[in-house]
Amino acid sequence: DKNFLFGGFILHASNPLAIVFWFGIFGTLNKGQSVSFLDVLFIMLGIIFTQLILLFLFRFTERLKNKPSVLKLINIISGLLFLALGLKTLFNLILIQ
């Protein structure tokens with residue numbers, strides 16, 4: 001189990017799409033303000049803990065991932081979250097300019 005979690009964490013941490021996603025999250029949190037080292041540290045720790053929680057959830061819900069209805073629900077929810085994040089970023093961009 002330890003190798004599974006470590007391997008999954010390294011795989012996700014080296015995934016270019018995940019890196020772009022987390023930079024996008026960091027960009028929306030920044031909002032053009034100066035960011036201290038402590039802020040960056042807490043954001044990075046939050047990202048790491050989020051990934052670990054997701055790895056544990058995926059590990060312990062393997063049998064649910066094989067059901068098409070669950071996968072469709074996950075896709076809809078994640079799509080809505082990405083859409084909300086994009087709209088929030090666009091709204092912030094319009095307000096800044």
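User: At its relative accessibility, does Leu55 count as buried or exposed, and why?

Analyst: Start with the cut-offs: buried means under 20% relative accessible area, exposed over 50%, and partly exposed in between (1.4 Å probe, protein chains only). Leu55 counts as buried because its relative accessibility is 12%. This is a predicted model, in which local features need pLDDT of at least 70 and side-chain atom pairs count only at pLDDT 80 or more, while totals for chains, interfaces and linings use all residues. Residues are numbered from 1 along each chain as its sequence is written, and side-chain values use heavy atoms, with hydrogens and water left out.

User: Where does Leu55 sit, and how far is Phe6 from Leu55 in space?

Analyst: Helices (H or I, at least four residues) and strands (E, at least two) are DSSP runs, numbered from the N terminus. Leu55 lies in helix α3. Phe6 is 49 residues from Leu55 in sequence, and 9.3 Å away C-alpha to C-alpha.

User: How many helices and strands does the protein chain have?

Analyst: Five helices and zero strands. The pattern along the sequence is α-α-α-α-α. Of the 97 residues in the chain, 10% are buried.

User: Which residues form the nonpolar surface patch?

Analyst: Like charges are joined within 9 Å, nonpolar side chains (Val, Leu, Ile, Met, Phe, Trp, Tyr) within 5 Å. Areas come from the Shrake-Rupley method with a 1.4 Å probe; for residues, only the protein chains shown count as cover. Here the patch is Phe37, Leu38, Leu41, Phe42, Leu45, Ile48, Phe49, Leu52, Phe56 and Phe60, with about 1000 Å² of accessible area together. Take Leu41, in helix α3 (residues 37–60). Leu41 counts as partly exposed because its relative accessibility is 35%.

User: What volume does the second largest pocket have, and which residues lie nearest its centre?

Analyst: On a 1 Å grid over the protein atoms alone, a pocket is an open set of points where a 1.4 Å probe fits, with protein on both sides within 12 Å along at least five of seven lines; lining residues have an atom within 4 Å of a point. Points are joined across faces, edges and corners, and a volume is the space filled by probe spheres set on them. The second largest pocket has about 280 Å³. Its lining has 14 residues, with Ala18, Ile19, Trp22, Met44 and Ile47 nearest the centre. Helix α3 gives the most, six residues.

User: How much space lies in the largest pocket?

Analyst: About 790 Å³. It is lined by 20 residues, and His12, Leu54, Phe58, Ile74 and Ser78 lie nearest its centre.

Key
Patches are made of residues with over 30% relative accessible area and no salt bridge: like charges are joined within 9 Å, nonpolar side chains (Val, Leu, Ile, Met, Phe, Trp, Tyr) within 5 Å. A salt bridge is a side-chain nitrogen of Lys or Arg within 4 Å of a carboxyl oxygen of Asp or Glu.
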